[in-house]
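The reader may wish to keep the sequence and the model in view throughout.

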Amino acid sequence: MIKVLIAEDHDLIRGALIALLSEERDIHVIEEVSRGDEILDAVVGCRPDVALLDIGLPGIDGLEAAGLIKELEEPPPVLILTSVGSPGNFDRAMAAGVRGFLVKDAPAHRLTDAIRAVARGERYIDLDLADDGGGDGVEITTNPLTAREVTVLAALAAGERAADLRGSLGLSAHTIRNYLAAARLKTGARSDEEAVHIARANGWLKDHADG
């Protein structure tokens, strides 16, 4: 049984999440809170297997709470629910040790898949947040990078600087930042260079080695 804590300030959304998860035989919501500054005490008190956190919470936001959870001796994996992804949130999420990102309007099966994945110690990133144009989320057990993210990392691997990618790839600076932030989050890297190293070590850049 996967024990879940939910942090969501909107009563209707929180109630809907609890009702949805109650239909799953292997998932049980053991605690719910409506404020970010209530999360840490709740996690310590109920010891969930997964902490499902909204970003926009009163008190402190979900990513700040995730950072506090990370400092616990045995922190549960954190799955973030969000309406909009941004490079800033991706970077904060990586620093906070977040294991998954999911958009709030994703199909129900993605939420349950994401909970099970992070409970197993895997990452789960909703590809809609990576500006991929759709598709299901992806677990880190296989290549988690989209073709566009591979292209950007391959350009860095070939010696191009991040500041020069806009011209060489014909992409906007905002789009490149999104791809790099998504690649760092998916690989668990702390920098673009580390993301390149991880992708190369796993053979995810091999199709772009000569191009």
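Predicted model: local features only at pLDDT ≥ 70, side-chain atom pairs only at ≥ 80, totals over all residues.

Within helix H6, which spans residues 147–157, the buried residues are Glu149, Val150, Val152, Leu153, Ala154, Ala155 and Leu156. Just after H6, Gly159 adopts a positive phi of about 105 degrees.

Leu153 is located in helix H6, and its relative accessibility is 0%, so Leu153 counts as buried. Which residues does Leu153 contact, once its neighbours within four places in sequence are left aside? They are Leu145, Leu180, Ala183, Asp192, Ala195, Val196, Ala199 and Leu205.

Is Glu149 buried or exposed? Its relative accessible area is 1%, and because the limit for a buried residue is under 20%, Glu149 is counted as buried. The side chain of Glu149 reaches the backbone nitrogen of Thr146 at 3.0 Å.

**The protein as a whole**

The view may now be widened to the entire chain. The secondary structure consists of nine helices and seven strands. Of the 211 residues in the protein, 47% are buried. Among contacts with a separation of 6 or more, 61% are between residues 24 or more positions apart.

**Two pairs of helices**

Two packed helices are described by the angle between their axes and by the distance between those axes. The description can be applied to two pairs in this model.

In the pair formed by helix H2 (residues 39–46) and helix H3 (residues 62–70), the axes come within 9 Å and cross at roughly 40 degrees. H2 and H3 are therefore oblique to each other. The crossing in which H2 passes H3 is right-handed. On the H2 side, Ile39, Leu40 and Val43 take part, and they meet Ala65, Leu68 and Ile69 of H3. By class, the residues of this contact between H2 and H3 are six nonpolar, no polar and no charged.

The second pair comprises helix H1 (residues 11–21) and helix H5, whose axes come within 11 Å and cross at roughly 75 degrees. From H1, the residues Leu17, Leu20 and Leu21 meet Ala108, Leu111, Thr112 and Ile115 of H5. The contact of H1 with H5 holds six nonpolar residues, one polar residue and no charged residues.

Where is Glu122 found? Glu122 lies in the loop between helix H5 (108–119) and strand E6 (124–125). With a relative accessible area of 14%, Glu122 is buried. The side chain of Glu122 is joined to that of Arg120 by a polar contact of 3.1 Å.

Terms used:
Residues numbered from 1 in each chain as written. Heavy atoms only, no water. Axes fitted to C-alpha atoms, helices over the stretch in contact; angles between N-to-C directions. Helix = DSSP H or I, 4+ residues; strand = E, 2+ residues; numbered from the N terminus. Parallel < 35°, antiparallel > 145°, perpendicular 65-115°, else oblique. Left-handed = near helix turned anticlockwise from the far one by under 90°. Contact = heavy atoms within 4.5 Å. Nonpolar A, V, L, I, M, F, W, Y, C, P; charged D, E, K, R; others polar. Buried < 20%, exposed > 50% of the residue type's maximum accessible area, 1.4 Å probe, protein only. Polar contact = N/O pair within 3.5 Å; in protein donor to acceptor, adjacent residues only side chain to side chain.
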